[in-house]
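Colleague: I am new to this structure and would like to go through it step by step. Could we begin once it is on display?

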Amino acid sequence: MSPEIKMLLNIFILGIGFMLMFTAFQTCGNIEQTVIKSFNSTEFHGSGYTSMAIIYGVFSASNLIAPSVVAVIGPQLSLFFSGLVYSGYIAMFIHPFTWSFYTFSVLVGIAAAVLWTAQGNLLTINSTDSTIGRNSGIFWALLQFSLFSGNLYIYLAWYDKVHILDKDRKTVFISLTVISLVGNFLFFLIQRVEPEALPLEASESLLPGDTSESDSVGKAIQLAVTKEMLLLSISIAYTGLELTFYSGVYGTCIGAMTRFGNNAKSLIGLSGIFIGVGEILGGSLFGMLNQCSHFGRNPVVLLGLLTHFLAFFLIFLNIAPDAPLAPEEGTELQGFITPKYEQTLMLCSFLLGLGDSCFNTQLLSIIGFLYRDDSAPAFAVFKFVQSITAAVAFFYSNYLLLHWQLLIMVLVGFAGTLSFFMADWIVVCRRRDSDYDSI
């Protein structure tokens, strides 16, 4: 098997492993606040929003040590052991306690930093400058199949349910735990590509013992203050805010709308399906099919901003302002449009997923291209910024009405798009003579 074929196969295995893991974890995040509201027990007093705030807060801090962990034990084992922690968090919902809920929230935050740093490293060392765009799209499309499959299960399992019973919760989370574990073990199928068998541009690899802890932390800090990374950080921050919104807040809002009657809970799963369809379509168009190679990254990011703005406007019209904060019984308030508009909200879900894929595929590509020789520290910075803004967003989701949350995303999204344009322009000017290839 040629090195090029082996690298492509590794990308597919990496993507499928993440697809299975996040079929479980993203579905868990999408429904956990709704599940918690339906969980009647004097032993449990947790909040899904608070849990996610803890996860992303610890995630952001742990990115300082994640490159060192990946350097010491290697990216493959980093993926496996981090994945086991994710599986433990999901299994905890089979019979949750407040102490175990928040303890696993902390552990998942640490594991997430290691997981995503290892993912960025493996993506980079299995790509060349000419294939980093294609491989980013392949990985992103496979990853986002998780939104489709997991939420389809939720839609079918919870159809026409007003309250989530204990047996419903246990069945769902046992299934999700098994799916997550299967994804973890797939990482052992990733093959090492020998550096001497690769072109010079693809020969960089992060091996055990390559990098000392101080070197990794220092390099991450150095990269964080470069002009390009500072500009990209605003775009990355925006992806953290909208990650919070589509992966937790939006599903909770739909489930709280009593005007949808008995279908409100099942619509959470259907919404996740349409988010996944948008993510998969975006990853395919702007990655695997490489449709925008002649126009650069900027039009893709602009498309992402416009689709998100349209989705935010329609959500503002259709969903009650107090929906993110409503109790388990839901809210009796209405949006500006009072008839049933389930189809409009599913369109919004699709637009949220499509816009998210536009931003993330381009950020993965440009960071992998810019920082090929320092891929692990660079992706650690990426996840640090994204996770800390996600933590802030999950925290204020406990308190802010819907229209304030939408306004924050509009302002940061506009600023992030402009900053991405500036960063991409700097890259093009500096590397005009290289084989620069975007997705």
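Predicted model: local features only at pLDDT ≥ 70, side-chain atom pairs only at ≥ 80, totals over all residues.

Colleague: How many helices and how many strands does the protein chain have?
Modeller: Read from the N terminus on, the elements run α-α-α-α-α-α-α-α-α-α-α-α-α-α. The count for the protein chain is therefore 14 helices and 0 strands.

Colleague: What percentage of the residues in the protein chain is buried?
Modeller: The accessible surface, computed by the Shrake-Rupley method with a 1.4 Å probe and, for residues, with only the protein chains shown as cover, comes to about 16200 Å², and 70% of that belongs to carbon and sulfur atoms. Of the 439 residues in the protein chain, the buried ones make up 59%.

Colleague: At what angle do α1 and α2 pack?
Modeller: Phe25, Gly29, Glu32, Gln33 and Ile36 in α1 meet Gly48, Tyr49, Ser51, Met52 and Ile55 in α2, a contact being heavy atoms within 4.5 Å. By class this contact has 5 nonpolar, 4 polar and 1 charged residues, where Ala, Val, Leu, Ile, Met, Phe, Trp, Tyr, Cys and Pro count as nonpolar, Asp, Glu, Lys and Arg as charged, and the others, Gly among them, as polar. The axes are lines fitted to C-alpha atoms, for helices over the stretch in contact, and angles run from 0 to 180 degrees between N-to-C directions. For α1 (residues 3-38) and α2 (residues 48-62), the axes lie 8 Å apart and the angle is about 140 degrees.

Colleague: How much space lies in the largest cavity?
Modeller: On a 1 Å grid over the protein atoms alone, a cavity is a set of points where a 1.4 Å probe fits but cannot get out, and lining residues have an atom within 4 Å of a point. Grid points are joined across faces, edges and corners, and a volume is the space filled by probe spheres set on the points. A search of the whole structure finds 6 cavities of 30 Å³ or more, and the largest cavity holds about 360 Å³.

Colleague: Which element gives the largest share of the lining of the largest cavity?
Modeller: The lining has 25 residues, and the closest to the centre are Phe22, Gln26, Tyr56, Trp116 and Leu243. By class the lining divides into 15 nonpolar, 8 polar and 2 charged residues. The elements giving two or more residues include α1, α2, α5 (98-125) and α9 (227-255), and the largest share, 5 residues, comes from α9.

Colleague: What is the relative accessible area of Leu243?
Modeller: Leu243 is found in helix α9, and its C-alpha atom is separated by 6.8 Å from that of Ala390, 147 residues away along the chain. Leu243 counts as buried because its relative accessible area is 14%.

Colleague: Which residues does Leu406 contact, apart from neighbours within four places in sequence?
Modeller: Leu406 lies in helix α14, residues 402-430, and is buried, with a relative accessible area of 5%. Leaving those neighbours aside, Leu406 is in contact with Phe245, Phe312, Ile315 and Phe316.

Key. Residues numbered from 1 in each chain as written. Heavy atoms only, no water. Helix = DSSP H or I, 4+ residues; strand = E, 2+ residues; numbered from the N terminus. Buried < 20%, exposed > 50% of the residue type's maximum accessible area, 1.4 Å probe, protein only. 1 Å grid on protein atoms, 1.4 Å probe; cavity = no way out; pocket = protein on both sides within 12 Å on 5 of 7 lines; lining within 4 Å.
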